[in-house]
Protein chains: 2
Amino acid sequence: MRARARRSGSSRCRQRRDDGGRRRPDTEDDPSGRTEGDCVTTARAYPNIALVKYWGKADETLILPAAGSLSMTLDDYPTTTTVTLDDGEDEFRLNGEEQLGRSADRVTAFLELVRGHARVAGLDTAHYSARVVSVNEGPTAAGMASSASGFAALAVAASAAYGLDLDTKELSRLARRGSGSASRSLIDRFAVWHAGDDEDSFAEQIDAPDMAMISVPVSTGKKAVSSRNGMVATQETSPFYDAWVSSTEVTLREMIAACAAGDVTRIGELSENHAIRMHAVIAASQPSIRYLTPASIAVFDEIAALRAEGIEAYATADAGPNVFAITRPELAETVSARLAPLATGEAKILGPGPGARLIGDGE
Amino acid sequence: MRARARRSGSSRCRQRRDDGGRRRPDTEDDPSGRTEGDCVTTARAYPNIALVKYWGKADETLILPAAGSLSMTLDDYPTTTTVTLDDGEDEFRLNGEEQLGRSADRVTAFLELVRGHARVAGLDTAHYSARVVSVNEGPTAAGMASSASGFAALAVAASAAYGLDLDTKELSRLARRGSGSASRSLIDRFAVWHAGDDEDSFAEQIDAPDMAMISVPVSTGKKAVSSRNGMVATQETSPFYDAWVSSTEVTLREMIAACAAGDVTRIGELSENHAIRMHAVIAASQPSIRYLTPASIAVFDEIAALRAEGIEAYATADAGPNVFAITRPELAETVSARLAPLATGEAKILGPGPGARLIGDGE
């Protein structure tokens with residue numbers, strides 16, 4: 001597991017107070033000599049994999065979860081996002097491609113939120129549009145939490161670009177509005193994302209023992225039903241939905257206790273069980289939604305076989321076919337070697353990673 | 001689909017009234033000249049596949065289901081059972097092998113019930129033990145409902161051997177005590193098994209349109225967790241259990257209406273959905289129980305692919321890995337041809353079959 005030092009981010013944007021449009025103080029104050037519009041920030045965030053899953057919203061607009069959740073932030077598959085303030089229209093490029101349609105609309109809606117904060121703070125940056133350039137190193141929309149790393153990086157980069165000075169809690173609340181689980185990618189290592197109202201619903205770090213996660217990609221395809229749509233369908237049509245929400249609250253309390261006790265076995269058992277329960281409540285939707293493929297089930301079976309041999313590993317999968325094995329760091333190589341033949345891509349050993357933050361230009 | 005005429009069964013046992021042990025009237029009355037103990041009956045019963053599943057008991061001893069269910073009796077994979085009254089110990093042979101342990105104990109417990117009825121009816125046959133010889137043509141304990149056909153055949157053969165004269169409703173109630181779903185294999189074609197108390201909980205025939213079921217065996221192994229134990233675990237540990245029971249009651253009402261309307265599409269949709277929900281409530285047990293294997297999921301996926309191409313088929317699976325496709329009789333060959341490559345054994349086209357009944361010696 002790699003340890004990462006917190007990197008002090010750099011931003012060429014400073015907070016600017018709007019003086020009613022008569023003066024733009026930064027054009028005089030900024031020693032870099034840049035003009036309005038070349039305000040550039042870059043942030044990096046990592047996906048997170050939930051040990052207690054988030055599935056179902058209490059509020060669609062504010063993206064408030066029906067129950068709390070708990071995750072490990074990963075140390076690979078980052079999204080790196082640069083935001084440049086500019087005149088004109090918002091733009092969003094992902095992995096070199098201009099994004100249009102729903103994907104771009106979600107980014108614009110998020111930028112509107114950030115500009116709203118800037119307006120409330122009296123910042124003249126609120127007048128500018130943003131060019132957003134993202135590079136996502138993980139597979140997109142296949143249960144690898146790319147929207148979590150994506151909106152976490154965007155929350156950090158955009159809020160800095162627009163001159164907001166937000167703390168981690170405020171950034172987590174903001175990221176939540178882009179994609180619920182993005183609230184957790186703000187946090188180093190392990191995060192609990194609280195249910196509640198708009199003020200209370202943010203993620204914060206908790207202590208947990210070191211663990212390894214082995215990603216076992218079994219599909220590169222984009223999933224047929226987005227998490228957003230799948231959640232709505234589950235809530236509206238699955239007869240198990242209410243029981244899912246109330247049992248998740250119980251599991252979250254048990255998981256927090258297991259983390260505090262450093263009990264990897266209990267963490268693993270609770271994680272695998274909760275993941276299977278999430279896929280069960282989703283499958284019970286009418287018509288059924290199934291994110292796990294035969295190849296996913298084969299990985300769950302192999303992980304159960306490892307356990308039967310005394311090699312401690314547990315399975316989890318987000319809303320997609322790809323599976324993660326949770327294990328002790330010292331068993332990671334063994335588990336990885338056993339699961340690699342079932343993967344369509346590289347079976348990668350991952351550790352707890354850093355929360356979203358600004359990075360220097362050179363990185 | 002084969003039509004089967006109701007076959008008039010033959011039994012060499014007649015009802016005998018106990019005169020207090022002083023006289024054995026049958027030894028004088030029986031023109032065949034047999035002596036006590038060679039009272040021999042043979043019955044045949046077929047498995048049934050539930051369209052609305054039974055999973056969970058309201059009473060463990062009386063085998064009362066938590067909710068009603070609905071099934072199609074198949075026209076293949078029969079169990080043929082001969083019961084011979086004798087002195088000595090009960091014996092149970094299945095497919096040529098003497099059974100010991102739990103399997104034999106269940107048969108003996110069932111025979112005790114039958115002997116109890118015989119005692120109440122004042123029949124001197126109640127003094128005798130039984131040799132039970134069964135031949136099961138379907139795979140055992142792999143989700144092919146072998147215990148349903150087994151106890152249905154045993155109920156009919158043993159009650160006749162012991163001289164009881166039971167109607168279909170009474171036989172269904174009796175078979176239920178051996179294995180809940182056996183109550184449905186008493187019934188021709190399509191059966192509803194009612195929840196309720198000991199008196200009310202029996203199966204009876206309902207009208208339903210002709211349908212074909214294609215069995216797609218994907219495993220010959222015995223399942224790791226018996227239905228009996230799986231039900232208890234689900235009831236005790238799955239957070240979705242209560243919602244499963246109440247939603248099953250809703251689905252049963254919808255299914256009865258769809259059957260009455262002859263709406264094969266609705267019957268298929270409800271069936272597939274209810275099957276997936278059963279596997280979901282079971283998977284949500286702690287620890288998880290999974291009866292479906294990767295090969296099972298592949299069959300579900302292929303059936304969904306057929307539907308997407310406009311070939312109407314729906315999937316179901318009992319508590320085991322093997323899958324059945326439900327389709328219209330005129331599509332059965334097409335569906336079977338598409339699923340056959342996924343099967344480890346023969347993909348067989350099945351139709352609605354006869355309820356359990358006595359058969360002649362020559363059959």
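Mentor: The answer below begins with the interface and then turns to sheets, helices and some local features.

This is a predicted model, in which local features need pLDDT of at least 70 and side-chain atom pairs count only at pLDDT 80 or more, while totals for chains, interfaces and linings use all residues. Residues are numbered from 1 along each chain as its sequence is written, chains are lettered from A and ligands numbered from 1 in the order in which they are written, and side-chain values use heavy atoms, with hydrogens and water left out.

**The interface**

Chain B brings 24 residues to the contact, and chain A brings 24 residues; contact means heavy atoms within 4.5 Å. The area buried between the two chains is about 1900 Å², and carbon and sulfur atoms give 67% of that area. Buried area is the accessible area (1.4 Å probe) that two parts lose on being put together, summed over both. On the side of chain B, Phe240(B), Arg290(B) and Pro294(B) supply 32% of the area that chain B buries against chain A, more than any other three residues.

Arg290(B) also has a charged partner: its side chain meets that of Asp301(A) in a salt bridge, at 2.9 Å from N to O. A salt bridge is a side-chain nitrogen of Lys or Arg within 4 Å of a carboxyl oxygen of Asp or Glu. Between chain B and chain A the count is 2 salt bridges. The rule for polar contacts finds 4 residue pairs across this interface, both residues being at pLDDT 80 or more. A polar contact is a pair of N or O atoms within 3.5 Å; within protein, one must be able to donate a hydrogen and the other to accept it, and residues adjacent in sequence count only if both atoms are side-chain atoms.

Which helices of chain B each supply at least two residues of the side that touches chain A? They are α6 (241–260), α7 (264–283) and α8 (294–308) of chain B. Helices (H or I, at least four residues) and strands (E, at least two) are DSSP runs, numbered from the N terminus. With 6 residues, α7(B) gives the most to this side of chain B. By class, the side has 15 nonpolar, 6 polar and 3 charged residues. Here Ala, Val, Leu, Ile, Met, Phe, Trp, Tyr, Cys and Pro count as nonpolar, Asp, Glu, Lys and Arg as charged, and the others, Gly among them, as polar.

**The loop between α7 and α8**

In chain B, Pro287(B) lies in the loop between α7 and α8, and a cis peptide bond joins Gln286(B) to Pro287(B), with omega about 0 degrees. In chain A, a cis peptide bond joins Gln286(A) and Pro287(A), with omega about 0 degrees; Pro287(A) lies in the loop between α7 and α8 of chain A.

**A sheet of chain A and its helices**

Chain A has an open sheet of 4 strands in the order β13-β14-β12-β15, with antiparallel pairing; two strands pair if DSSP finds at least two bridges between them. At the edges stand β13 (313–316) and β15 (348–350) of chain A, each with a single partner strand, so one side of each is left without a neighbour in the sheet. From one strand to the next the twist averages 30 degrees. Strand β12 (residues 212–216) of chain A pairs with β15(A) over 3 bridges, and Ser215(A) has Lys348(A) as its bridge partner in β15(A).

Helix α7 (residues 264–283) of chain A packs on this sheet, where it touches β13 and β14 (323–327) of chain A, and its direction makes about 30 degrees with that of β13(A). Axes are lines fitted to C-alpha atoms, for helices over the stretch in contact, and angles run from 0 to 180 degrees between N-to-C directions. Helix α9 (residues 332–339) of chain A lies across β12, β13, β14 and β15 of chain A, at about 10 degrees to β12(A).

**A sheet of chain B**

In chain B, 4 strands form an open sheet in the order β2-β5-β10-β11, with antiparallel pairing. Its edge strands, β2 (48–52) and β11 (203–205) of chain B, each pair on one side only.
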